[in-house]
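Here is a report on one helix pairing and on the pockets and cavity of the model shown next.

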Amino acid sequence: MLPSSSSPRLSRRALLAAGGGAALTAFLAACGGGDDPGKPAGNGPAGPWSFTDDRQRRVEAASAPTRVVAFTGVAAALVDFGLDSALVGVFGETTRTDGSREPQAGDLDVDKVTVLGNVWGEFNVEKYAALRPELLVTHMYDPDALWYVPDESRDKILKLAPSVAIATARTPMTRPIERYAELARSLGADLSATKVTTAKTRFEAAAEQVRAAVKANPGIRVMASSGSPDLFYVSNPKVSTDLMYFAELGVDIVVPAKLEAGDYFEALSWENAGKFPADLILLDNRSTALQPKDLAAKPTWAQLPAVKANQVTPWDAVPRFSYAGAAPLLENLATAIRSAKRLS
């Protein structure tokens, strides 16, 4: 996980803690209901429903929730696992200024969900209440923290519906993928569907491609990074779940030495951008981070050996935790490693 250029230096690491809240009776009464906000959006399995999340909190209901609101990347992962009609709202970067979908939106039909916030810190609580949510789902990078749930409104938000948080740090990427699959299945998704099994087969094959690429082209040193106007961030593979998995596959990833609080990354001034030698750079591809065209004006960026050699590849710094979402990441990584040349 890396900070966004729109956030203060460490705000992207200072993840938002979940907590209780004051009564919202008057607030709820004042909120409108949309076309028919009380109508179930999807058909979950019959009978009692329960799910224990990665905070070890057990959420229970008389039946599976059919009105689910989720962080955009979570919603897209649930769609990949076959859960679709139950999703009524999302929050987090969903669409870009040109109307195109953010990478983390995946195959989510953004026209069929209510976007409660499209940037860090934005979450429309009134719209959320009007959706009559039955479940809120998001990532958890730090204990008891809900990703993209704003600290200043979390009490109101968490009063409106139960929440589920899945750990997405300090564990290999395969773990949150498995957990989101379990959640989708509990909500009625069919994990034996061809769409899901085909994606899993592709993911497993892609993992083998990475292993093979490392063996075929040994010694390629990889650095995962993100650029902001003032700082260059180098991500820590001992914390970032995707990088941790890449390392398990044999990828040699730069481990930053002087970590910020939370251990997610080292923040370098642009004058020190060349601190860590790297043959291949994975560059944060989110709209909140500077892209190669934006970085071209940074002299120290242009002088990096990997940049000079055109060995820079896009990186989904907040990946979509599904087999369908992760397989292309592995395939692209394998291709980049196979074609890279040692520069140091």
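In this predicted model, local features need pLDDT of at least 70, side-chain atom pairs count only at pLDDT 80 or more, and totals for chains, interfaces and linings use all residues. Residues are numbered from 1 along each chain as its sequence is written, and side-chain values use heavy atoms, with hydrogens and water left out.

**Helix pair**

Helix α6 (residues 194-216) and helix α11 (residues 323-339) have axes that come within 8 Å and cross at roughly 20 degrees. Axes are lines fitted to C-alpha atoms, for helices over the stretch in contact, with angles from 0 to 180 degrees between N-to-C directions. α6 is therefore roughly parallel to α11 (angles under 35 degrees count as such). The crossing is left-handed: the near helix is turned anticlockwise from the far one by less than a right angle. Helices are DSSP runs of H or I with at least four residues, and strands are runs of E with at least two.

Contact means heavy atoms within 4.5 Å. On the α6 side, the residues that meet α11 include F203, A206, A207 and V210. Their partners in α11 include A327, L330, A334 and I337. By class, this contact has 16 nonpolar, one polar and four charged residues. Ala, Val, Leu, Ile, Met, Phe, Trp, Tyr, Cys and Pro count as nonpolar, Asp, Glu, Lys and Arg as charged, and the others, Gly among them, as polar.

**Pockets and cavity**

On a 1 Å grid over the protein atoms alone, a cavity is a set of points where a 1.4 Å probe fits but cannot get out; a pocket is an open set with protein on both sides within 12 Å along at least five of seven lines; lining residues have an atom within 4 Å of a point. A volume is the space filled by probe spheres set on the points, which are joined across faces, edges and corners.

| Site | Volume | Lining by class |
|---|---|---|
| Largest pocket | about 360 Å³ | eleven nonpolar, seven polar, six charged |
| Second largest pocket | about 180 Å³ | six nonpolar, two polar, four charged |
| Largest cavity | about 40 Å³ | eight nonpolar, one polar, no charged |

Which helix gives the most to the lining of the largest pocket? α11 does, with five residues. α7 (241-248) and β13 (312-315) each supply at least two. N285, P314, W315, D316 and L329 lie nearest the centre of this pocket.

The structure holds one cavity of 30 Å³ or more. Its lining includes M223, F276, I281 and L304.

Key. Parallel < 35°, antiparallel > 145°, perpendicular 65-115°, else oblique.
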